[in-house]
Amino acid sequence: MSNDIKIAIEKLHMGEVVAFPTETVYGLGADCTNTESVKKIFSLKGRPSFNPLIIHVANINSALKYGEFNRFALRLALAFWPGPLTLVVPLKKTHHHISPYVTAGLDTVAIRIPKHPIALELLQQYPHPIAAPSANKSGYVSPTKYEHVYDEFKDDVFIVKSDQSCIGLESTILDCSEEIVSILRPGFITKTDLEFFLGEPVTEGAAITAIKAPGQLGHHYSPTLPVRLNAVHVLENEALLAFGASDLNADIMLNLSPSGNLEEAAVNLFDHLRRLDKHVHHISKIAVAPIPNVGIGIAINERLARAAATKEKTSL
Ligand code: TXA
Ligand code: MG
């Protein structure tokens, strides 16, 4: 076991919060049975207490202790875990003391088995599930690198070091608490993948209500600079977030994927937004080139739409 994982485990036992890598984004983790630790996540992030957290577990047996899995949930878990998929299922009555702060008092719980070897080892070595939101301040851009987490939390939390997250967008979240499956947050595993696998329609969008997914409302993932989408030209004082081969140019620009590869764009999205945001004193806006709305492009566009949403709306 690496020294970083040992330290993280000690800190979790002591009731501290630790940041750790997953294949999607870095998480800010606490022992989900320890209310005082879980509360620290909310205060460190500035997250409203009504926005519930995902619990991360090491294996399906552990997941079954905490959630009621219907036939869809079980099939999905067996097929896609470990991986970038979160299942929202009814919380089991005998749920082994998960703090009510984790679920924000809801009668459902969001569960995921991450695929990242460091996250998996941490979960295998720790006796309880780890509650973890993305390791960013509430409303800001999610972190995909050690440096992103350090930029925001400095030495306030111990951070397990790793390479850049290989997917780069948060997990797809599915509501499996009823007899139809609905997408609460798009991600790397797409609606097409899910419908193909289940052989049943999967709903989306309409299921996003304040009760079903409090964290899905309004502006989110937002850099300090305003974001302008589907830019076909770049204005003075704008930085450019480009995609693919294009004639657009700006003094300050980054390309999500010069070859037009959407998976590469997903990996780079949050890092590039953060890097452009560092120019806050030289530019007034980030113009984003159009991203094809197919495959993982749907999840990229969803994150960008929230990044561009005005801050007067609910900030979670
Ligand atoms: O990829 C990921 O999912 C990352 C890594 C760290 O696992 N985690 C993550 O957590 O993105 P967070 O807190 O940033 O986003 C989780 C979302 C929130 O919008 C929250 O509202 C929603 O999941 N959520 C959690 N529990 C829920 C529940 N019981 N019902 C509906 N939505 C829930
Ligand atoms: Mg988040």
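Reader: What should I keep in mind about numbering and about the limits of the model?

Author: Residues are numbered from 1 along each chain as its sequence is written, chains are lettered from A and ligands numbered from 1 in the order in which they are written. Since this is a predicted model, local features need pLDDT of at least 70 and side-chain atom pairs count only at pLDDT 80 or more, while totals for chains, interfaces and linings use all residues; side-chain values use heavy atoms, with hydrogens and water left out.

Reader: How is strand pairing defined, and which order do the strands of the 10-stranded sheet take?

Author: Helices (H or I, at least four residues) and strands (E, at least two) are DSSP runs numbered from the N terminus, and two strands pair if DSSP finds at least two bridges between them. Here 10 strands form an open sheet with mixed pairing, in the order β7-β1-β2-β6-β3-β5-β4-β8-β9-β10. The edges are β7 (158-159) and β10 (203-204), each with a single partner strand, so one side of each has no neighbour in the sheet.

Reader: Which strands pair with β8, and in which sense?

Author: Strand β4 (residues 85-90) pairs with β8 in the parallel sense over 4 bridges, with Thr-86 opposite Ile-173. Strand β9 (residues 182-185) pairs with β8 in the antiparallel sense over 3 bridges, and there Ile-173 stands opposite Arg-185. A hairpin through 6 residues joins β8 to β9; β9 in turn runs parallel to β10, joined by 2 bridges, with Ser-182 opposite Thr-203.

Reader: Are the faces of β8 buried or exposed?

Author: A residue is buried under 20% relative accessible area, exposed over 50%, and partly exposed in between, as computed with a 1.4 Å probe on protein chains only. In strand β8 (residues 172-175) both faces are covered, with Thr-172 and Leu-174 buried on one side and Ile-173 and Asp-175 buried on the other.

Reader: What is the strand order in the open sheet of 4 strands, and which helix lies across β12?

Author: The order is β11-β14-β12-β13, with parallel pairing, and the edge strands β11 (227-228) and β13 (253-255) each pair on one side only. Strand β12 (residues 238-242) pairs with β13 over 3 bridges and with β14 over 4 bridges, so that, with pairing defined by bridges, Leu-241 can be followed to both sides, opposite Leu-254 in β13 and opposite Val-288 in β14. For the helix, axes are lines fitted to C-alpha atoms, for helices over the stretch in contact, and angles run from 0 to 180 degrees between N-to-C directions; contact means heavy atoms within 4.5 Å. Helix α8 (residues 262-277) lies across β12, β13 and β14 (285-288), at about 165° to β12.

Reader: How can a helix be read for its buried residues, and what does α5 pack against?

Author: An α-helix has 3.6 residues a turn, so residues three or four places apart point the same way. In helix α5 (residues 117-125) the buried residues are Ile-118, Ala-119, Leu-120, Leu-122 and Leu-123, and these pack against α1 (3-13), β1 (18-20), β3 (54-56) and β6 (130-131).
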